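Hi,

Here is the structure I promised to pass on.

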Amino acid sequence: MHTSEIDLVAFGPEHLEGAVALSRQAAWPHRREDWQTALALSRGIVALSDHHHVVGTALVTPYGTDCATINMVIVDEAARGHGLGRKLMQAAFDIGGERQLRLVATTDGLPLYEKLGFEPVGTILQYQGKIPAIAAPDGIEPACEADFDAVMALDRAAFEADRGTLLTHIAKAGEFAVLRRAGRVQGFATLRAFGRGDVIGPVVAENLQDACSLISFFVGSRPGAFLRIDIPAATELAPWLESLGLAHVGGGIAMRTGATEAPARSHYKTYALANQAFG
C-alpha cells in the first residue's frame with residue numbers, strides 16, 4: 001500500500017469503527033466510548049485507503065492557546081514504511097498551530113518524533129491490575145461543585161496549561177476526590193471508565209504522601225476492580241503502586257516541542273497523567 005493511494009481527511013464520527021479496529025490491531029484497550037471521548041475534545045485526521053478503510057489516525061487536543069497534546073497516532077501495519085506516520089504528524093502540526101506540542105512516544109514512534117523536533121522530558125510508566133480491598137485514607141472526600149474552581153487552578157499550575165475542557169468532561173462522566181486542609185482544596189484526583197475498567201488520573205498533589213492518599217481513595221472504593229494509572233517515573237510512585245499489586249505493563253517517553261520561556265513551576269505536581277488525556 002503506497003501513500004499515493006491514501007487520502008488524509010478530517011476525523012469524523014463516521015470513522016470511529018475504523019479507528020477502533022486500528023487500536024485493536026495495535027493491542028490498545030480503547031473502546032468505542034474512549035475514542036468518542038477523545039474525538040469530542042480534539043480535532044483529528046484519518047488516513048483513508050482507496051477502499052475508504054481507515055489506515056491511520058492522529059488526534060490533537062488543545063489546551064487553551066499555549067499547549068496541545070498529540071494522541072492516538074496509529075498506522076495500519078499494512079501501510080507502514082511509506083511515510084504515512086510523518087504525513088499524519090505534519091497534519092497534526094498544522095492543527096496545533098503555534099502551540100507547544102506534547103506527546104508520549106512509543107519505542108516505534110520515537111525516531112520520527114525526534115526528527116520532527118520533539119525533545120524528551122521524562123519517562124511515563126503504565127501500571128494496571130486488580131487490587132484487593134485496602135483501608136480508606138483519612139482526609140480525602142468526594143469533590144463538590146464548589147470545589148471545581150480550586151481544582152482547575154491546581155491543575156493549571158501543575159500542568160502549565162488550561163485543561164478545563166478535559167476536567168469538565170471528566171466531571172460529567174467520572175468522579176473527583178479532593179484533599180482538604182483548613183477548608184481549602186490542597187489536591188485532587190479523578191477516576192473515569194476506560195478500556196478494561198477504570199483509569200485514575202490526573203492526580204495533582206503537593207507531595208508523594210498526599211498523592212498516595214488521593215489514589216488510595218479510589219482504589220479503596222473499588223476492591224477487585226481493574227484499574228490503570230500512568231505516572232511520570234520522577235514522581236517515585238512506582239514502588240508504592242507495585243506494593244499494592246499493580247503491574248508495570250509498559251509506558252513511553254514524554255516529549256515536547258521547543259517552548260518559549262516556561263512559566264514558573266508550582267510546588268504542586270501532576271503525579272498521575274490522564275493518559276495524556278486518552279492513552
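A quick definition before the notes: a pocket here is an open set of grid points with protein on both sides within 12 Å along at least five of seven lines. Bear in mind that this is a predicted model.

With that in hand, the largest pocket holds about 1,200 Å³ of space. It is lined by 46 residues, and the closest to its centre are Trp-28, Val-73, Val-104, Ala-105 and Thr-106. The lining splits into 21 nonpolar, 17 polar and 8 charged residues. Strand E4 gives the most, with 6 residues; other elements that supply at least two include helix H3 and strand E12.

Next, helix H5 (residues 148-159). Just after H5, Glu-160 has a positive phi of about 65 degrees.

Now the rings: I get 7 aromatic pairs. Phe-11 and Trp-35 have ring centres 5.8 Å apart and planes at 40 degrees, so that pair is tilted. The two sit 24 residues apart in the chain, with Trp-35 in helix H2, and both are buried. Phe-93 and Phe-118 pair edge-to-face, at 5.7 Å and 75 degrees. Phe-93 is partly exposed at 22% relative accessible area, while Phe-118 is buried at 3%. Ring pairs also bring Tyr-113 into a cluster with Phe-93 and Phe-118.

Cheers

Terms used
Residues numbered from 1 in each chain as written. Predicted model: local features only at pLDDT ≥ 70, side-chain atom pairs only at ≥ 80, totals over all residues. Heavy atoms only, no water. 1 Å grid on protein atoms, 1.4 Å probe; cavity = no way out; pocket = protein on both sides within 12 Å on 5 of 7 lines; lining within 4 Å. Points joined across faces, edges and corners; volume = space filled by probe spheres on them. Helix = DSSP H or I, 4+ residues; strand = E, 2+ residues; numbered from the N terminus. Nonpolar A, V, L, I, M, F, W, Y, C, P; charged D, E, K, R; others polar. Phe/Tyr/Trp six-rings, centres within 6.5 Å; stacked < 30°, edge-to-face > 60°. Buried < 20%, exposed > 50% of the residue type's maximum accessible area, 1.4 Å probe, protein only.
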